[in-house]
Amino acid sequence: MKIKLEYGRNGLWADVPDKNLVAVLNSKDKPAAPDPSALLAESLAHPIGSAPLADLARGKRSACVVITDLTRPIRNDILLPPILAALEHAQVPEIKILIANGIHRPMTDDEIRKAVGEEVAGRYPVLNHLGREKDAVDFVGKTKRGTPVHLNKIYLESDFRVITGLVEPHMYAGYSGGRKSIAIGVAGIDTVSVIHSPLFLEDDSLRAGNIRDNIFHREAVEIALMAPAQFCVNVTINHSREITDAFSGDMIACHEVAMEAVRKTSAQDLPELVDIAVTTNAGYPADLNLYQAGKGMLAGANLVKPGGTVIFAAEFSEGLGGKEFSKLILEAESPDGVMQTLTTP
């Protein structure tokens, strides 16, 4: 059987003998929203657990709208205009758009214009969060587990905060979106390095689709609530990267509804563990680099028998990833050497 794998922008074909094929796992595809702008406007006006966006923003002096960076396949050019229109209707005089890069590289001017659209880029400041720069963040406090929380100054100083995100299964957080836009997206390197350290990532509670006892999820929620957004807009997409649904409102409540909706379309049963799993990291932009691709590798590893093989296809058009990760990989002599570096105080 010929199967097209999501690889880079164009895909990659795999030919698997029928006698060896146990299953082809894909999330259930959903049709695109006929009018995503209308869907979003309706979601903003009738949110979950919250007053409408325009009502909440009325009387505020400044607003910060947090959007995802180029590693997330969201159509920010579709997502942003209804949000900005609601803030304009509320007569918020100062509106800034902040790209939740986490500690990823900043987006270029050309990438920003393509991501948000020429009109939005020309009317509003669109700023990169620079998570590695100490001057770009302020210290907010520590979590119960002791994670130091440093968040973007522009975000913290804004009178009104809106976060956006894509909700899909995530190997650490259970599901992406919601609280992660704050806890990772606009956090400083001192925060991200802790929550992405073996202290969290080696815990058995971290797996795609699980949040109930997930310590990463709990930590991210705690961080987000230390400087919460007053409004959240999450979307889901189909295999063609088209918006299918929108979930807006209270940061926690709307994300919970979105996660449950995603669970119903993404969870599948595998009849048995297999000898070989062939998988990818969902193609561009998720397979830009090795750092991002760990998600797909782990998904495959969870499907194989002890001693099984994972065949993983990813383009890595930007190489290994960030400076710290690249340095770690290039200087280590073995996988054990990587782990020794990560676990040495």
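How many residues lie between β11 and β12 in the hairpin that they form, and which residue in the turn has a positive phi? Five residues separate the two strands, and Arg 241 has the positive phi, of about 65 degrees. The model is predicted, so that local features need pLDDT of at least 70 and side-chain atom pairs count only at pLDDT 80 or more, while totals for chains, interfaces and linings use all residues. Residues are numbered from 1 along each chain as its sequence is written, and side-chain values use heavy atoms, with hydrogens and water left out.

**The sheet**

Helices (H or I, at least four residues) and strands (E, at least two) are DSSP runs, numbered from the N terminus, and two strands pair if DSSP finds at least two bridges between them. Six strands, in the order β5-β4-β3-β8-β11-β12, form an open sheet with mixed pairing. Because β5 (126-128) and β12 (243-249) stand at the edges with a single partner strand each, one side of each is left without a neighbour in the sheet. From one strand to the next, the twist averages 20 degrees. Although β12 is an edge strand, six of its seven residues are buried (under 20% relative accessible area, with exposed over 50% and partly exposed in between, using a 1.4 Å probe and protein chains only).

**The helices**

Axes are lines fitted to C-alpha atoms, for helices over the stretch in contact, and angles run from 0 to 180 degrees between N-to-C directions; contact means heavy atoms within 4.5 Å. Helix α1 (residues 36-45) lies across β11 (231-237) and β12, running at about 20 degrees to β12, whereas helix α3 (residues 76-89) touches β3, β4, β8 (160-166), β11 and β12, and its direction makes about 165 degrees with that of β3. The two helices pack at an angle of about 40 degrees with their axes 9 Å apart. Residues of α1 including Leu 40 and Leu 44 meet residues of α3 including Ile 83 and Ala 86.

**The cores**

A nonpolar core is a set of buried Ala, Val, Leu, Ile, Met, Phe, Trp, Tyr and Cys residues joined through side-chain atoms within 4.5 Å. In the largest one, of 37 residues, Leu 53, Val 65, Ile 83 and Leu 87 touch the most other members, and α3 supplies the largest share, seven residues. A second, separate core of 32 residues includes Tyr 155, Ile 184, Leu 206 and Met 251.
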